[in-house]
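Have the viewer open as you read.

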Amino acid sequence: MDDLRQLYEEVILDHNRSPRNYPLRPACTNHSAHGFNALCGDEFRVHACVEDGVIKDIGFEGGGCAISTASASLMTEAVKGKTVAEAEALFRDVHEVLTEEASRVEGKTLLGKLAALVSVREHPLRVKCATLAWHTLHAALSGKRTASTE
């Protein structure tokens with residue numbers, strides 16, 4: 001278990017130190033939203049270029065704690081090249097795994113590097129940090145301009 005936790009921590013630290021798809025590419029703005037976590041001050045803007053229902057490019061800007069920055073970075077890697085429906089399904093999966101009771105999500109896992117976010121569950125006060133970028137992406141894809149973790 002300690003090896004797994006260490007791997008998760010390494011992924012979070014790597015994506016915090018070197019976030020992918022940051023800063024935003026200026027041409028990538030046909031779907032964008034602003035997200036803010038009032039509890040800690042984390043704030044991001046997510047922009048996605050969607051063509052024919054596929055996220056062709058995505059980027060984010062702003063700042064926050066290591067968990068929120070890493071989550072935003074992991075999110076952009078996970079959804080780039082996916083359809084909007086696939087990205088929305090990932091949003092629901094991440095949100096559910098991090099916010100629902102363990103018994104309700106038994107058997108549900110996050111694949112690849114997204115699995116690193118599961119360790120955040122052990123720190124309930126940080127769950128909003130991990131989900132902020134995801135809520136912001138969901139808002140952007142839904143045509144909303146702002147997002148909240150509330």
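## The sheet

Val50 has Ile55 in S3 as its bridge partner. Before going further, a word on the source: this is a predicted model, where local features need pLDDT of at least 70, side-chain atom pairs count only at pLDDT 80 or more, and totals for chains, interfaces and linings use all residues. Residues are numbered from 1 along each chain as its sequence is written, and side-chain values use heavy atoms, with hydrogens and water left out.

Back to the strands. S2 and S3 pair in the antiparallel sense over 9 bridges, where pairing takes at least two DSSP bridges between two strands. Helices (H or I, at least four residues) and strands (E, at least two) are DSSP runs, numbered from the N terminus. S2 and S3 make a hairpin with 2 residues between them, and in that turn Asp52 has a positive phi of about 55 degrees.

Zooming out, 4 strands form an open sheet with mixed pairing, in the order S3-S2-S1-S4. S3 and strand S4 (146-147) are the edge strands, each pairing on one side only. S4 pairs with strand S1 (residues 31-36) in the parallel sense over 2 bridges; there, His34 has Thr146 in S4 as its bridge partner.

Helix H2 lies across S2 and S3, and runs at about 170 degrees to S3. Axes here are lines fitted to C-alpha atoms, for helices over the stretch in contact, with angles from 0 to 180 degrees between N-to-C directions.

## The core and Trp134

The largest nonpolar core has 36 residues, and Ile55, Ile58, Val79, Leu114 and Trp134 have the most contacts inside it. Such a core is a set of buried Ala, Val, Leu, Ile, Met, Phe, Trp, Tyr and Cys residues joined through side-chain atoms within 4.5 Å. Among the elements that each supply at least two of its residues are helix H1 (2-17), strand S2 (43-51), strand S3 (54-63) and helix H2 (66-79). The largest share, 8 residues, comes from H4.

What does Trp134 touch, not counting residues up to four places away in sequence? Its list is Ser71, Met75, Val79, Leu90, Phe91, Val94, Leu114 and Leu117, with contact meaning heavy atoms within 4.5 Å.

Ser71, found in helix H2, also makes a side-chain polar contact with the side chain of Trp134 (3.1 Å). A polar contact is a pair of N or O atoms within 3.5 Å; within protein, one must be able to donate a hydrogen and the other to accept it, and residues adjacent in sequence count only if both atoms are side-chain atoms. Leaving aside neighbours within four places in sequence, Ser71 is in contact with Leu117, Ala130 and Trp134.

With neighbours within four places set aside, Ala78 is in contact with Leu90 and Leu114. Ala78 and Leu90 are 12 residues apart in sequence and 8.4 Å apart in space, C-alpha to C-alpha.

## Cysteines and burial

The structure holds 0 disulfides, a disulfide being a pair of cysteine sulfur atoms within 2.5 Å. For Cys40, the nearest cysteine sulfur is that of Cys129, 4.0 Å away. For Cys129, the nearest is that of Cys65, 3.7 Å away.

| Residue | Relative accessible area | Class |
|---|---|---|
| Ser71 | 0% | buried |
| Cys129 | 3% | buried |
| Ala78 | 15% | buried |
| Cys40 | 42% | partly exposed |

Key
Buried < 20%, exposed > 50% of the residue type's maximum accessible area, 1.4 Å probe, protein only.
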